[in-house]
Amino acid sequence: MRSFHLAWISFFTCFISTFAAAPLVPIIRDNLNLTRSDIGNAGVASVSGSIFSRLVMGVICDLIGPRYGCAFVNLLVAPVVFSVAFISSAEGYLVARFMIGFSLATFVSCQYWTSIMFTSSIIGTVNGVAGGWGDMGGGVTQLLMPFLFHVIKVSGATPFTAWRIAFFIPGWLHVIIGVMVMTMGQDLPDGNLSTLQKRGDVAKDNFSKVLKNAVTNYRTWVFFLLYRFSMGVELCINNVIAEYFYDRFNLKLHTAGVIAATFGMANFAARPLGGYASDVAARKFGMRGRLWILWIVQTLGGVFCIWLGRANSLSIAITSMILFSIGAQAACGATYGIIPFVSRRSLGLISGLTGAGGNFGGGLTQLVFFSTTRFSTANGLMYMGVMAVACTIPVAFVHFPQWGSMFFPASKSGGNSEESYYSSEWNEDEKEKGLHHGSLKFAENSRSERGKRREIAAAVTPPGYNSTPDHV
Amino acid sequence: MAVQDFLLASLVLSCLAASSYGTSFSSLPATLIVSASTKQGQVLKAGEDKITVTWSLNTSLPAGTDSAYKTVKLKLCYAPVSQKDRGWRKTEDDLEKDKTCQHKIVAQPYSPSNNSFTWTVQKDVPTATYFIRAYVHNSADEEIAYGQTTDVHKTTNLFKIKAISGRHVSRYCLCLLLCFLYCVFVWILLLGEEEI
């Protein structure tokens with residue numbers, strides 16, 4: 001449980017600093033003389049940096065473990081957060097937000113870490129809670145930063161100085177959490193990765209094989225697209241919603257921050273709810289249930305986003321925003337209830353690719369709908385909702401031979417078992433060396449994804465499983 | 001049931017909200033003559049420089065024009081060049097929604113002549129190009145007239161204000177923190193030796 005808490009807190013801290021500027025934009029835009037496109041581009045930059053860093057983190061997790069990855073990201077981003085105090089131009093603002101955005105890579109280490117520390121039947125819930133509590137940072141920051149700004153201003157600083165000093169707090173948090181992860185964390189249930197690799201208990205893998213395995217699995221790309229419209233949309237909203245409420249409904253900075261915060265804070269319960277719903281559906285319907293839950297909540301999220309864009313009064317806007325947040329965040333949780341099953345060998349990389357897809361989507365959406373004067377923010381929200389609904393349809397095409405898909409049951413032909421799916425990620429040479437043992441262990445564990453239908457006799461052991469000698 | 005009540009309440013609230021309009025700027029007569037000590041294109045420093053504003057009623061107007069005039073509120077307003085690509089400073093005719101004049105200078109009781117005020121540009125004023133406008137309010141605090149230092153198209157008599165950077169104090173804090181970071185890093189490295 002210690003690792004669980006370290007995982008989500010480290011990710012939470014990164015969310016805080018990535019979106020720390022958003023609620024303070026009304027002050028920052030006056031201090032740095034920003035235009036709407038400057039603000040929009042910086043918002044895009046804040047989520048784009050992590051497209052790359054999430055991929056790298058996925059690889060790092062697969063090769064050297066989540067603990068190092070997570071700690072290093074936190075310790076490296078702290079100086080950048082401190083340097084925000086020196087920004088004097090729109091370009092500086094953009095670069096700072098871009099570099100701080102790299103820290104969102106901790107999403108991958110967080111999800112990877114919880115995926116390998118907990119058992120598959122509760123993976124949706126665990127990933128959902130860890131991811132949700134981490135994402136909550138995006139909501140907490142909307143409250144925290146204006147609060148810090150206000151406290152510093154009251155103690156005598158001018159507004160243009162106060163916002164700079166406010167950034168020191170997230171910077172400190174990074175340092176503290178980075179140190180804690182290094183000293184108190186543990187990669188795997190049995191110990192730390194480097195120790196286990198030295199003992200030979202865990203095989204050291206090859207990057208290009210892990211990569212090939214991930215990119216040749218079509219499901220990776222479906223989720224890359226889908227996550228754009230749950231997480232991507234959420235990231236976009238984190239960047240624009242406080243300013244939207246401030247400008248459209250003439251609210252005070254503090255009030256706009258509070259409302260914007262409820263969006264991010266809903267993550268506390270909404271994302272875990274999505275993961276939990278995924279697990280509950282899996283108990284009865286197996287993987288097919290998980291896929292349906294994802295489609296339902298993500299589509300609902302899109303519908304409520306359309307409603308938010310069209311809301312003309314404050315109360316309707318808040319209502320639709322809350323419903324939208326529940327839908328989109330539950331969809332994020334439901335997605336990561338499925339990701340651990342897409343691949344075992346390339347779990348880190350696929351988690352990373354999906355996560356990167358989320359950021360790519362967030363950046364693209366912000367660029368298209370919220371960085372130009374072509375669409376008003378309200379219309380941008382509406383179109384974003386429409387796209388979310390349309391782009392959730394591909395989930396119907398995800399098919400697992402051993403479990404089925406939304407509209408089709410498991411393939412009837414023999415040889416479609418969990419073991420054959422997961423060991424197909426390794427070639428004969430590697431199987432001979434016994435490198436696929438971890439995958440087989442997982443495969444047995446994952447039989448829960450069949451749901452209540454258990455006709456395929458679990459007693460049939462596939463060839464090669466028992467006959468491979470235990471190697472020390 | 002609670003959901004239905006809530007939805008009904010929000011519907012009612014939204015109707016109420018929609019029905020409140022502000023005064024329209026285009027309906028206001030320009031009855032005050034306002035002038036400032038700034039020259040065209042002058043650059044003032046926030047927190048340091050001062051502006052002296054004088055205003056009086058246009059004497060060519062018929063007597064009794066100012067019978068309802070109660071208070072005068074002076075504001076610093078963005079010139080069109082500083083509103084470009086910045087929707088949060090947009091000019092709207094509905095004064096409730098108008099964002100042109102966001103910085104208050106002073107509010108004083110109305111008098112037809114001999115009005116003057118010297119204002120030190122505040123430290124939270126951003127870098128931009130400005131003019132000054134005076135709104136006249138009646139006893140119900142509604143705008144009923146105005147005057148401004150620039151012409152109708154907002155092209156003449158504009159001046160610039162240069163904001164403070166806000167960066168000097170942070171430098172001090174940063175140095176302290178860097179030292180702290182350094183110590184932490186050294187400590188981790190030492191701890192790292194035992195781990196691996």
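About 3,300 Å² of area is buried between chain B and chain A, and carbon and sulfur atoms give 66% of that figure. On the chain B side, B:D85, B:W88 and B:R167 lose the most area to chain A, together 19% of what that side buries. Please keep in mind that this is a predicted model.

**Where chain B meets chain A**

- The contact draws 37 residues from chain A and 36 residues from chain B.
- Which kinds of residue make up the side of chain B that touches chain A? That side divides into 20 nonpolar, six polar and 10 charged residues.
- Between chain B and chain A there is one salt bridge. Its partners are B:R89 and A:D30, whose side chains meet at 2.8 Å, N to O.
- Two helices of chain B, α1 (2-19) and α3 (168-195), each supply at least two residues of the side that touches chain A.
- Helix α3(B) gives the largest share of that side, with 14 residues.
- Seven residue pairs are in polar contact between chain B and chain A, counting pairs with both residues at pLDDT 80 or more.

**How chain B is built**

- Chain B has three helices and nine strands.
- Read from the N terminus on, its elements run α-β-β-β-β-α-β-β-β-β-β-α.
- Of the 196 residues in chain B, 38% are buried.
- Among contacts in chain B with a separation of 6 or more, 73% are accounted for by residues 24 or more positions apart.

- The UniProt record, an unreviewed entry, places the feature "signal peptide" at residues 1-20 of chain A.
- In the model, this span of chain A, residues 1-20, is 85% helix and 0% strand, and its end C-alpha atoms lie 28 Å apart.

**Salt bridges inside the chains**

- Side chains of opposite charge can pair when their charged atoms come close. Over all chains, the structure holds 11 salt bridges.
- A:D135 and A:R271 are one such pair, with their side chains meeting at 2.7 Å, N to O.
- A:E419 and A:R447 form another salt bridge, at 3.0 Å, N to O. This pair links distant parts of the chain, 28 residues apart: A:E419 is in helix α20 (residues 418-423) of chain A, and A:R447 is in the segment after α22 (437-445) of chain A.
- A:E419 has 5% relative accessibility and counts as buried. A:R447 is buried as well, with a relative accessible area of 16%.
- In chain B, B:D141 forms a salt bridge with B:K73, and the closest N and O atoms are 3.2 Å apart. B:D141 lies in the loop between β7 (128-137) and β8 (143-148) of chain B, while B:K73 lies in strand β4 (residues 71-78) of chain B; the pair links distant parts of the chain, 68 residues apart.
- Both residues of this chain B pair count as partly exposed: B:D141 at 43% relative accessibility and B:K73 at 22%.
- Back in chain A, salt bridges that share partners join A:E418, A:E419, A:R447 and A:R450 into one network.

- A:S109 lies in helix α6 (residues 106-117) of chain A. With a relative accessible area of 0%, A:S109 is buried.
- Which residues does A:S109 contact, leaving aside its neighbours within four places in sequence? They are A:M57, A:C61, A:P66 and A:C70.
- B:T38 lies in the loop between β1 (32-36) and β2 (43-45) of chain B. B:T38 counts as buried because its relative accessibility is 13%, under the 20% cut-off.
- Not counting residues up to four places away in sequence, B:T38 touches B:L44, B:I51 and B:F159.

Conventions:
Residues numbered from 1 in each chain as written. Chains lettered and ligands numbered in written order. Predicted model: local features only at pLDDT ≥ 70, side-chain atom pairs only at ≥ 80, totals over all residues. Heavy atoms only, no water. UniProt positions renumbered as here; feature names shortened; annotations may be inferred. Helix = DSSP H or I, 4+ residues; strand = E, 2+ residues; numbered from the N terminus. Contact = heavy atoms within 4.5 Å. Buried area = accessible area lost by both parts, 1.4 Å probe. Salt bridge = Lys/Arg side-chain N within 4 Å of Asp/Glu carboxyl O. Polar contact = N/O pair within 3.5 Å; in protein donor to acceptor, adjacent residues only side chain to side chain. Nonpolar A, V, L, I, M, F, W, Y, C, P; charged D, E, K, R; others polar. Buried < 20%, exposed > 50% of the residue type's maximum accessible area, 1.4 Å probe, protein only.
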